[in-house]
Amino acid sequence: MAEEQVRNTSCNKKKVMVAIEESEFSHYALKWALENFNDCLSGSSLVIFTVQTIASVGHIYAASFGSAHPDMLKSVQENKRKFSLALLEKAKEICAKQGVTAETITEIGDPKVAICDAVEKLNIDILILGSHGRGILKRAFMGSVSNYCVQNAKCPVLVIKKSK
């Protein structure tokens with residue numbers, strides 16, 4: 001009984017953020033968090049966070065052989081915004097099915113930097129994110145959002161790796 005009280009006290013009023021993107025790994029991390037921390041999340045504040053990457057002008061011009069219409073960049077960014085909002089809505093529905101109410105936030109920028117900035121700005125107590133499970137070489141060349149967050153976020157970070 002006393003052990004359960006201590007556990008419940010340590011769970012109360014924590015601000016938890018789950019950073020997601022379109023991969024199966026981040027959705028797995030969200031579902032894992034909801035299944036394993038459901039008791040804690042019901043008394044806490046849950047933030048679902050995603051980042052819209054900035055549309056690259058270089059890529060757009062290259063893809064259109066240098067003749068991109070001026071509104072194309074605006075259109076690409078608007079589509080990214082709509083996709084992010086749909087992603088957050090899906091995550092919110094997943095939370096609702098578990099009886100958890102979540103706040104959703106999207107930002108524009110570099111995902112690893114935007115996540116760490118949001119952790120600080122929102123006073124997050126714990127950050128949860130999924131891992132793509134890339135090996136050392138892929139992480140060295142492609143980078144790793146989870147590794148960056150573990151090193152730079154101003155709160156504890158829980159990285160969830162999906163079993164193969």
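**Reading the sheet and its helices**

Mentor: Let's begin with a strand pair: β2 and strand β3 (residues 102–108) run parallel to each other and are joined over seven bridges. Strands count as paired if DSSP finds at least two bridges between them. This is a predicted model, where local features need pLDDT of at least 70 and side-chain atom pairs count only at pLDDT 80 or more, while totals for chains, interfaces and linings use all residues. Residues are numbered from 1 along each chain as its sequence is written, and side-chain values use heavy atoms, with hydrogens and water left out.

Trainee: Which elements does the protein contain, and in what order do they run from the N terminus?

Mentor: There are eight helices and five strands, and from the N terminus they follow the order α-β-α-α-β-α-α-β-α-β-α-α-β. Helices (H or I, at least four residues) and strands (E, at least two) are DSSP runs, numbered from the N terminus.

Trainee: How should I read the sheet, and in what order do the five strands stand?

Mentor: The general idea is that strands of a sheet pair through backbone hydrogen bonds, either parallel or antiparallel. Here the five strands form an open sheet in the order β3-β2-β1-β4-β5, with parallel pairing. β3 and β5 (157–161) are at the edges with a single partner strand each, so one side of each has no neighbour in the sheet. From one strand to the next, the twist averages 25 degrees. Angles run from 0 to 180 degrees between N-to-C directions, and axes are lines fitted to C-alpha atoms, for helices over the stretch in contact.

Trainee: Which residues can I click on to follow the pairing across the sheet?

Mentor: Next, strand β1 (residues 15–19) pairs with β2 in the parallel sense over five bridges, and K15 lies opposite S45 in β2. β1 also pairs with β4, parallel over four bridges, where V18 has I128 as its bridge partner in β4. I128 in turn has L158 as its bridge partner in β5. Strand β4 (residues 126–131) and β5 are parallel over five bridges, with S131 opposite K161 in β5.

Trainee: How much of strand β2 is covered?

Mentor: Buried means under 20% relative accessible area, exposed over 50%, and partly exposed in between (1.4 Å probe, protein chains only). In strand β2 (residues 45–52), seven of the eight residues are buried; in β4, five of six are. Across the protein, 34% of the 164 residues are buried.

Trainee: What does L30 contact, apart from its neighbours within four places in sequence?

Mentor: Contact means heavy atoms within 4.5 Å. L30 belongs to helix α2 (residues 24–36), and it counts as buried because its relative accessibility is 0%. Beyond those sequence neighbours, L30 is in contact with V18, I48, A91, I94 and C95. L30 and A91 are 61 residues apart along the chain, yet their C-alpha atoms are separated by 7.8 Å. In the protein, among contacts between residues at least 6 apart in sequence, 80% join residues at least 24 apart.

Trainee: How do I describe two packed helices, and at what angle do α6 and α8 pack?

Mentor: Two packed helices are described by the angle between their axes and the distance between the axes. Helix α6 (residues 111–121) and helix α8 (residues 145–152) pack at about 35 degrees, with axes 9 Å apart. P111, K112, V113, I115 and C116 of α6 meet V145, Y148, C149 and N152 of α8.

Trainee: Which residues of α6 are buried, and what do they pack against?

Mentor: A114, I115, C116, A118 and V119 of α6 are buried. The buried residues of α6 pack against β1, β2, β4 and α8.

Trainee: What is the phi of N123, and is N123 buried or exposed?

Mentor: Most residues other than glycine have a negative phi, and most peptide bonds are trans. N123 is not a glycine, but its phi is positive, about 55 degrees. N123 sits in the loop between α6 and β4, and it counts as exposed because its relative accessibility is 58%.
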